[in-house]
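Let us take a walk through this structure together.

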Amino acid sequence: MIIIKQFDHSVHVAEEMAMLYQAVWQKEEDDFFERIQKHANYDGFLGIVAYSDTNECIGFAYGYKSEDGQYYRGLLEQELTVEEANEWLTDCFEFVELLVHPSYRGNGLGKRLLEKLVNNCSMKTSVLTTKASNLAAQALYAKSGWVVVKENFFPSANDGPYVIMGKDLRREELVSKLIQEGKEK
């Protein structure tokens, strides 16, 4: 049985997440622990962590409110047109990370984490980036209603191409409301 909990801002849970991140991406040294600690203090931060029945951290997802002056927001603003930035980055939740241990992939855990996190945020849009070569992630996001906003995004000179994807969360609210109204009739 998989248990999903809210990220409680504890050092222990951040360490578990960092160990999973390093194991999945096969990185000995990484700044993920410092990054999650920093991001957890951003306005609008939301994080969830999945545990196996043996209490092992097997996945997580997190993000925060996108605001002027944030590093990644600046990269996105440089890449998007003014119209695209206004549409996608105004009142926006930046979906920063989704990670599932390879042994637990293919059973819907990634989708559960993705939808649970985004459904709990109150912003009108959400954006994320994923490697252009990561077709499985793009398919997962597309099945959950995300659209490609921009292709061939290069976050740094050392990176290969990424895809910027977005989701209009207001549509989700409208669909949920219509479904609920239909059930009440």
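Which element gives the most to the lining of the largest pocket? Strand 4 does, with seven residues. Before going further, some ground rules: this is a predicted model, in which local features need pLDDT of at least 70 and side-chain atom pairs count only at pLDDT 80 or more, while totals for chains, interfaces and linings use all residues. Residues are numbered from 1 along each chain as its sequence is written, and side-chain values use heavy atoms, with hydrogens and water left out.

Helices (H or I, at least four residues) and strands (E, at least two) are DSSP runs, numbered from the N terminus. On a 1 Å grid over the protein atoms alone, a pocket is an open set of points where a 1.4 Å probe fits, with protein on both sides within 12 Å along at least five of seven lines, and lining residues have an atom within 4 Å of a point. Grid points are joined across faces, edges and corners, and a volume is the space filled by probe spheres set on the points.

Now for the pocket itself. The largest pocket holds about 1,500 Å³ of space. Its lining is made of 47 residues, and W25, V96, E97, T129 and Y162 lie nearest the centre. Among the elements that each supply at least two residues of this lining are helix 1 (11-25), helix 2 (32-39), strand 5 (125-131) and strand 7 (162-168). By type, the lining divides into 25 nonpolar, ten polar and twelve charged residues; here Ala, Val, Leu, Ile, Met, Phe, Trp, Tyr, Cys and Pro count as nonpolar, Asp, Glu, Lys and Arg as charged, and the others, Gly among them, as polar.

E97 sits in strand 4, which covers residues 92-100. Is E97 buried or exposed? E97 is buried, where buried means under 20% relative accessible area, exposed over 50%, and partly exposed in between (1.4 Å probe, protein chains only). Even so, E97 has no salt bridge, and R35, the nearest side chain of opposite charge, is 4.6 Å away. A salt bridge is a side-chain nitrogen of Lys or Arg within 4 Å of a carboxyl oxygen of Asp or Glu; in assigning charge, Lys and Arg count as positive and Asp and Glu as negative, while His and the chain ends are not counted. Neighbours within four places in sequence aside, E97 is in contact (heavy atoms within 4.5 Å) with Y21, W25, F32, F60, A61 and Y62.

G63 counts as buried, at 0% relative accessibility. Not counting residues up to four places away in sequence, G63 touches G44, F45, L46, F93, E94, F95, V96 and L117.

The whole structure has five salt bridges. D68, R73 and E77 are linked in a network of them. In one link, the closest N and O atoms of R73 and D68 are 3.2 Å apart; in another, E77 and R73 meet at 3.0 Å, N to O. E77 and R73 are separated by about one helical turn because they are four residues apart in helix 3. R73 is buried at 9% relative accessibility, whereas D68 is exposed at 63% and E77 is partly exposed at 33%. Elsewhere, D168 forms a salt bridge with R170, at 3.1 Å between the closest N and O atoms.

Next, look at the backbone. Most residues other than glycine have a negative phi. D91, in the loop between helix 4 (82-89) and strand 4, has a positive phi near 55 degrees. D91 is partly exposed, with a relative accessible area of 35%. N152, in strand 6 (residues 147-153), also has a positive phi near 55 degrees, and N152 counts as exposed at 52% relative accessibility.

Our last stop is Y104, in the loop between strand 4 and helix 5. Y104 and I2 are 102 residues apart in sequence, yet 9.8 Å apart in space, C-alpha to C-alpha. Besides I2, the contacts of Y104 beyond four places in sequence include S52, E56, I58 and L109.
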